[in-house]
Amino acid sequence: MASYSTNEFKGGLKIMLDGDPCSIIENEFVKPGKGQAFNRVKIRNLKTGRVIERTFKSGDSVQAADVIEVNLQYLYNDGEFWCFMDTQTYEQYQADVNALGETAKWLKDQDICVVTLWNGSPLSVDPPNFVVLSITETDPGLKGDTSGGGGKPATLETGAVVRIPLFVQTGESIKVDTRTGQYVSRAKED
Amino acid sequence: MPEAPWRPTASLARLRERARLLADIRDFFGQAGVLEVETPVCSVHASTDPALDSLATRYTGPGAPDGRALYLHTSPEFAMKRLLAAGSGPIYQICKVFRDGERGRRHNPEFTLLEWYRPGFDPQRLMDEVAALIRAVTATDLPVERCSYKEIFQRTLGIDPHKAGGDELKSCAAAQGIAGAREAELDAAGWRDLLLTHRIEPDLGREGLTFVYDYPADQASLARVRDGDPALAERFELYLGGVEIANGFHELANAREQRDRFAQEQARRRSGGKAEAPMDRNLLAALEAGLPDCSGVALGVDRLLMWILGVDKIDEVLAFPLDRA
C-alpha cells in the first residue's frame, strides 16, 4: 500500500488513521529554530465525519487511503441498501444506511450523486446541491398571502420535511438546497 | 490557462514597512557603535545541527575544475565568530539564510536574519539590548518578562523539564491531549519541543517581550553549559505574540568542547538517517586562536515584521515566498 511522508501533506489528501480513512483539512508546520519539527494536522474521519487534530513528527510516513470520489446515478432502495450505478461502465454499487446518513431523505431515482468510495465500497454519499421534489402534504395556505413570510412545513415525496412559503400547495414541485435544507423556489414546469 | 503568479504576496505598503524596519535596525546599531559586516552565503562547510538541513549548490571554475559542493549558510554564526576571533569587536549582520525542509505559515526556506555579537556581554545584558532594539524599532514601551525554561514548564504543565525523563514527558503530552503523542517516537529533547510548541509557546509574549533562559544542557547547541545540578545551557529565546523571534547564546569558546559537540551532532545525524555535514574547521581554528568572551543572538526579521504589522503568515511580509520565488 502506498504511503505519504509529511512533506506530501496538503488539504484533501486521504490517509489511513487508526484503521479509518481520513481526509486532511489543514496542515501546519511547527518547528522551534533549534529543535524537532512537527506537522500539526486537522483531519476529518470520513467514516464518522468527526474532525480531529493529530501531530506527526516531520518526516514520518502514514499509509495512504484508497479513497476516490465518483459521480454515480441513484437507482433504487431495496429496503436495506441504496443502489447506485456508474453510467459509463454500468457497474453498480450498494451503499448502506451509514454511508447515506441524512442524504437518504433527498434522494430521488436517477439523481446523480457524488459517492466517496473506500476500497471500492461506498463510504459516503453527497446528494446534488439542488433537488426538485414534489410536495405530498402541506396545510392549505391563507388566502391572499403571497409574501410567504413565516411559512409552513411541507412533507416531500422522499419524506423530507422543509419549510415553504404559505402560497405553495400540495402537488407542486419545489427546488430545495440540500446543503441547508431550505426551500429555494417553485420548480419550473418542463 | 491561469495567469503565472508573478505578483508579490506582500503589499507594497508592507514592503515599505520592511525597508523602514531594516533602516531602523541599522540606525540602532550605528548609534550603539556596532559594526555591520558581511560574510559568505555559500561555504564549503555546513552546520552539523541535526535539526537543520542545508541547501547545497555547486561551484565549478578556477580552483575547482571538477566542481565542488557549496552549502548555503543556515546562519552566519561561524563566519562571524571568525571575525570576532580576529578582533573585530561588536558586529552585526542582516542577511538571508537558508534552511531546507522548512515551509509553513511562519516558515520560508530563505528568510532574513539579524545576527549580532557583543564581546563582554553576558546573556542577561544581551537580553537588555534585544529589548532596547525592539522597543526602538517598534516605537513602543513593551513590558519585558524573563522566565527560566524550568519556570515556563512548571507554571504551564507542572513538570520539571530538567528532571523529567522521556517517559514522563510522553505521559505529560498524552495527558495534555496532544493527539499523536501515544504513537510518536521521540527523545527527551523531542518531547520537550513537542510540549513547548503545542502547549507553552502560544501563551508566551502575549503581554510584551518574554525571554526564556537556561535551557537543558542537551539543547545547548552553540551555547556554554554552566556546571551545576542540573547543568544548564546559557541560551535564551525571545517570544513575541506566541512566536519565537530570537535565539541567543553565551557563546561556547572552548575549541575542544566545540569539536566534541560537532562529533556528537554528526553521530546524531547518522543515527537519524542524515548525511554528515562537513564541519567547519575554520571555526575550530578560530576558537583555538581565541574567541573573546561574548554573547550573540539571531533574530528573525520577517517574524518581527509580522508582529509589527499584526499579520500571521510570513508570506504577507515577503515579496516572493517559495511558491513564487
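User: What volume does the largest cavity have?

Analyst: Rolling a probe the size of a water molecule over the atoms shows where empty space is left. In this predicted model, the volume of the largest cavity is about 380 Å³. A cavity is a set of points, on a 1 Å grid over the protein atoms alone, where a 1.4 Å probe fits but cannot get out; points are joined across faces, edges and corners, and the volume is the space filled by probe spheres set on them. The structure holds three cavities of 30 Å³ or more.

The model being predicted, local features need pLDDT of at least 70 and side-chain atom pairs count only at pLDDT 80 or more, whereas totals for chains, interfaces and linings use all residues. Residues are numbered from 1 along each chain as its sequence is written, chains are lettered from A and ligands numbered from 1 in the order in which they are written, and side-chain values use heavy atoms, with hydrogens and water left out.

User: Which residues line the largest cavity closest to its centre, and which element gives the most to the lining?

Analyst: Lining residues have an atom within 4 Å of a point. The largest cavity has 28 of them, and A:G33, B:R99, B:F111, B:L113 and B:E244 are the closest to its centre. Strand β11 of chain B gives the most, with six residues; β6 (110-119), β12 (294-300) and α9 (301-309) of chain B each supply at least two. Helices (H or I, at least four residues) and strands (E, at least two) are DSSP runs, numbered from the N terminus.

User: Which residues of helix α2 of chain B are buried?

Analyst: An α-helix has 3.6 residues a turn, so residues three or four places apart point the same way. In α2 (residues 77-85) of chain B, B:E77, B:F78, B:A79, B:M80, B:K81 and B:L84 are buried. Buried means under 20% relative accessible area, exposed over 50%, and partly exposed in between (1.4 Å probe, protein chains only). These buried residues pack against β5 (91-98), β6, β11, α7 (255-271), α8 (281-289) and β12 of chain B. Just after the helix, B:G87 takes a positive phi of about 95 degrees.

User: Is B:D214 buried or exposed, and what does its side chain join?

Analyst: B:D214, found in strand β8 (residues 209-216) of chain B, is buried because its relative accessible area is 15%. A polar contact of 3.0 Å joins its side chain to that of B:R226. A polar contact is a pair of N or O atoms within 3.5 Å; within protein, one must be able to donate a hydrogen and the other to accept it, and residues adjacent in sequence count only if both atoms are side-chain atoms. Residues up to four places away in sequence aside, B:D214 also touches B:Y149, B:H162, B:L232, B:A233 and B:R235.

User: Where does B:L55 lie, and with which residues is B:L55 in contact?

Analyst: B:L55 lies in the loop between β2 (42-43) and β3 (56-61) of chain B. With a relative accessible area of 28%, B:L55 is partly exposed. Contact means heavy atoms within 4.5 Å. Neighbours within four places in sequence set aside, B:L55 is in contact with B:L70, B:Y71, B:L72, B:F98 and B:D100. B:L55 and B:D100 are 45 residues apart along the chain, yet their C-alpha atoms are separated by 5.5 Å.

Definitions and conventions: On a 1 Å grid over the protein atoms alone, a cavity is a set of points where a 1.4 Å probe fits but cannot get out, and a pocket is an open set with protein on both sides within 12 Å along at least five of seven lines; lining residues have an atom within 4 Å of a point.
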